Amino acid sequence: MAKKFIDVMDTSFRDGFQSVYGARILTKDFLPALEAAKEAGINHFEFGGGARFQSLYFYLNENAFDMMDKFRSIVGKDANLQTLARGINTIALDTGSRELVELHAKLFAKHGTTTIRNFDALNDINNLKFSAECIIKYGLKHEICITLMDLPPHCYGAHDVSFYEKILKEILLSEIPFHSICFKDASGTSNPNKIYETIKMAKRVLPLNTHVRLHTHETAGVSVACYLAALEAGVDGIDLAAAPVSGGTSQPDILTMMHALKGKNYDLGGLNEEKILVYEETLKECLKDYFLPPEASRVNPLIPFSPMPGGALTSNTQMMRDNNILDRFPEVINAMREVVEKGGFGTSVTPVSQFYFQQAFNNVIFGPWKKIAEGYGKMVLGYFGKTPVKPNDEVVKLAAEQLKLEPTEELAIDLADKDETKKISYIKSLLEKENIEINEENIFIVATCKEKGISFLKGEAKINIRKNDLAASKQNIDENHFTVKVNGNKYFVEVNSGFDDKIEIKNIEKVENNIQNANSIQGIQAPISGSLFKIHINENSEVKSGQVVAILEAMKMEIEVNAPKDGVIEKINVKVGDSVSEGQIIAIYKNN
């Protein structure tokens, strides 16, 4: 009896990079490994989309379309090159207008894509209809998704087999066109039994011979068990990755899965272990200089309680490292549980996972529910679509008050069409203002990457990656500085760098509390560590108490800096693009 062929998509160059390195891998560094993957017989790659679009402009000073073209030129015309799209969000955190959703499909078809895997984090099929039509229109294969996760303990109302069956039947009744379907568990929290029952249900409900796939992560430690359950239930394809971007927060390793299937009646992609071994050794050599975050290679038993996708986990920890606040990460993960419970049970996958993390982050930094994150607030108010269950009434009320928005049931794509800033004509005006060439690629770059897209196109973008020598250098400069609280008093403490059995205090300075500090040195302080994104004042500007004087960027959020009192600004101590620390004086008042 012939073994059942199981299609394998190699996620190393998209989800692997995102889940392990926060998507910050330069193109030139991975090309030898891509050649090796081709030689190993891999013909199905995830090569772009998701966070591996914006990250190239945000952190790498590279053009994602150029990367995609280069990728296609290496693997050849017959390879199945797949990208990841977020329904009407395409590859952004915010929704796009119909013009931009169509432009996404058109450009990704132009730049080498074969298949687009298309999901909505809320499982609102209204967010998949138009994007599906566009994907088909431009000759691409459409892989529609249902997004999975397990709810935190004692939570009910969604994310069980009956819920997924309901969504699947809605997709079929709405006649959304698709070539295959993927059950996508970005947090890796679904239990193996649920996976088995879900795939069995799908095989029963779907038309005969529909290609069914499962995508999961090892973050919670059950990915191989879930794949085995899915195979037993009849799944046709699975996603795997190559070391060092496999396991941990990423997909299971190709070699690991081949080993798990020994003696079973499955042909895993027609792959050969020895050839895959050569490929993995090549990839390890290509990435040897990159800083490997320790959390990326670990299983985290808390993830089922606070579902954080692997692709978002390392992206967020990398940003926290950039801002020297990684020590708060355990608190944020713990705070996520309540945020998920009260947010309507949207699947923890981008953009919703980022909304969850941002709100948990705000709850830790500013106090529980004192500051509603814009994305989370808009989600519970309905601006991204319908959540699986009704969000907490008190959270909805807080979101409406703080964001000054009313709850809505209008389709998210209709709301986007009404937004002038999401029209192509508006994006063209921005390009004209900056004297940047107007073409479809540049329009899409600016529409999805905003100011950072403009900075890239003007040649002003910077490379921000963590290679081992750079990580060590950054540690010597930044990570030996601490803020310590003793008996209610804050102290800045600097210790000598290096590794020794003795800790020597190099410098210690008491920090007065915010009110006293503002009055005594006439300063406006940064409320959190971050990068100065915008500044709204000049020297000699008059400001009023509570006025927004600057914007910090931290954790993909814009954080307002408010004036603590009325006065006139004597000096501004920072400039746009500077990194600032919590409590740092960014501007000084004139003495009365």
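## Aromatic pairs

Rings of Phe, Tyr and Trp (its six-membered ring) pair if their centres lie within 6.5 Å; planes under 30 degrees apart count as stacked, over 60 as edge-to-face and the rest as tilted. By that rule, the structure holds 24 aromatic pairs. One of them is the stacked pair of Phe13 and Tyr279, at 6.4 Å centre to centre with 20° between the planes. Phe13 sits in helix H1 (residues 12-21) and Tyr279 in helix H11 (residues 273-286), so the pair ties together parts that are 266 residues apart in sequence.

Here buried means under 20% relative accessible area, exposed over 50%, and partly exposed in between (1.4 Å probe, protein chains only). Phe13 counts as buried at 1% relative accessibility, and Tyr279 does too, at 0%. Both belong to one aromatic cluster, together with Phe17, Phe30, Phe45, Phe47 and Phe71.

## About the model

This is a predicted model, in which local features need pLDDT of at least 70 and side-chain atom pairs count only at pLDDT 80 or more, while totals for chains, interfaces and linings use all residues. Residues are numbered from 1 along each chain as its sequence is written, and side-chain values use heavy atoms, leaving out hydrogens and water.

## Helix H6

Helices (H or I, at least four residues) and strands (E, at least two) are DSSP runs, numbered from the N terminus. In helix H6 (residues 129-137), the buried residues are Phe130, Ser131, Ala132, Cys134 and Ile135. They pack against helices H5 (98-110) and H17 (412-418) and strands E4 (115-118) and E5 (141-147), where contact means heavy atoms within 4.5 Å.
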